[in-house]
Amino acid sequence: MGDFDGSVAVITGGARGIGAEIARKMAADGAHVVCADVLDTTEIVTEIEAAGGSAEGRPMDVTDAAAAADAIKAIHSDHGHLDILVNNAGITRDQLLVRMKPEDWDLVLRINLDGAFKVTQPTAKIMMRQKSGRIVNIASVVGLMGNAGQTNYSASKAGLIGFTKSLARELGPRNVTVNAVAPGYIQTAMTDALTDDQRAALMKTVAIPRLGTPGDVADAVTFLAGPKASYITGVVINVSGGLYI
Ligand code: NDP
């Protein structure tokens, strides 16, 4: 018996990185996972199925409200219920504010923040009718502490945290919880590119001197989406090794 037996979970940006790891863990615990991404999801779906799990891919661009709503409705009608949404799709376009191109400001806000609104709205309607559901938004510690060179990204993640807290108040009476996970430095393609010196400097800022793993983030997400978190809503779990305390 897994924590997610019989559940349907939609994970945006689920083709790779943190989203793919969340999909692996939820599928291993019994969920049918829907990896919704602009990227091809064949690899992660094949991997989960080969491990005995249940998964499907859905092409989804979270910036397209109509297409996102159609995809959410189709998933619901195919399975008869929709239990978990993880708003994980996100990008960075880092630059100091004075040099930032307006299009890079817009794109980051459009994907990271507006995208969560566009996918969550049709999902929330379904979960309210069901009188059950779990929504987990992937924010970032920079949305709490700020970071030079990331005004666009920090604003999008701080916005996502405000969205989480307000929506938790709206949906609580319908037995739908809404929480956020705020990762710090996570081992991904991005951090693979750091030099040894950069890595050493980074580690001086973290209480637990290692990079986090996608698995560290996925563990917090599965906890919030699982049965042990039914009385937790509107919180932000910081998975940063103490980068932000
Ligand atoms: P990845 O880039 O590895 O994965 C994100 C996925 O989202 C990619 O497949 C990406 O596709 C997809 N995506 C991008 N735009 C859209 C869109 N419009 N619609 C649907 N899918 C889209 O990122 P990570 O796994 O590293 O990050 C996942 C989340 O965690 C993000 O929200 C990020 O901000 C957050 N986070 C990550 C940290 C880290 O250190 N990695 C730290 C803190 C937070 P494509 O490749 O085409 O862009």
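**The cavity and the ligand shell**

Tutor: The lining of the largest cavity divides into four nonpolar, five polar and no charged residues (Ala, Val, Leu, Ile, Met, Phe, Trp, Tyr, Cys and Pro are nonpolar, Asp, Glu, Lys and Arg charged, the others polar). The model is predicted, so local features need pLDDT of at least 70 and side-chain atom pairs 80 or more, while totals for linings use all residues. Residues are numbered from 1 along each chain, and side-chain values use heavy atoms, without hydrogens or water.

The whole structure holds one cavity of 30 Å³ or more (1 Å grid points over the protein atoms alone, where a 1.4 Å probe fits but cannot get out; lining atoms lie within 4 Å of a point). About 50 Å³ of space lies in the largest cavity, volume being the space filled by probe spheres on the joined points. Thr12, Val62, Asn87, Asn88, Ala89, Ile111, Asn112, Gly115 and Ala116 line the largest cavity. Helix α4 (residues 102–130) gives the most to this lining, four residues (helices are DSSP H or I runs of at least four residues).

Asn88 turns up again at the ligand: with Arg16, Ile18, Asp37 and Tyr153, Asn88 comes nearest among the 25 residues around the ligand (a heavy atom within 4 Å). That shell has 14 nonpolar, seven polar and four charged residues. A ligand oxygen is 2.8 Å from a side-chain N or O atom of Asp37, and another such distance, from a ligand nitrogen to Asp61, is 2.9 Å. For Lys157, a ligand oxygen is 2.9 Å from a side-chain N or O atom. Taken alone the ligand exposes 880 Å², and the protein buries 86% of that (Shrake-Rupley, 1.4 Å probe). Elements giving two or more residues to the shell are α1 (17–28) and α6 (151–171).

Definitions and conventions: On a 1 Å grid over the protein atoms alone, a cavity is a set of points where a 1.4 Å probe fits but cannot get out, and a pocket is an open set with protein on both sides within 12 Å along at least five of seven lines; lining residues have an atom within 4 Å of a point. A polar contact is a pair of N or O atoms within 3.5 Å; within protein, one must be able to donate a hydrogen and the other to accept it, and residues adjacent in sequence count only if both atoms are side-chain atoms.
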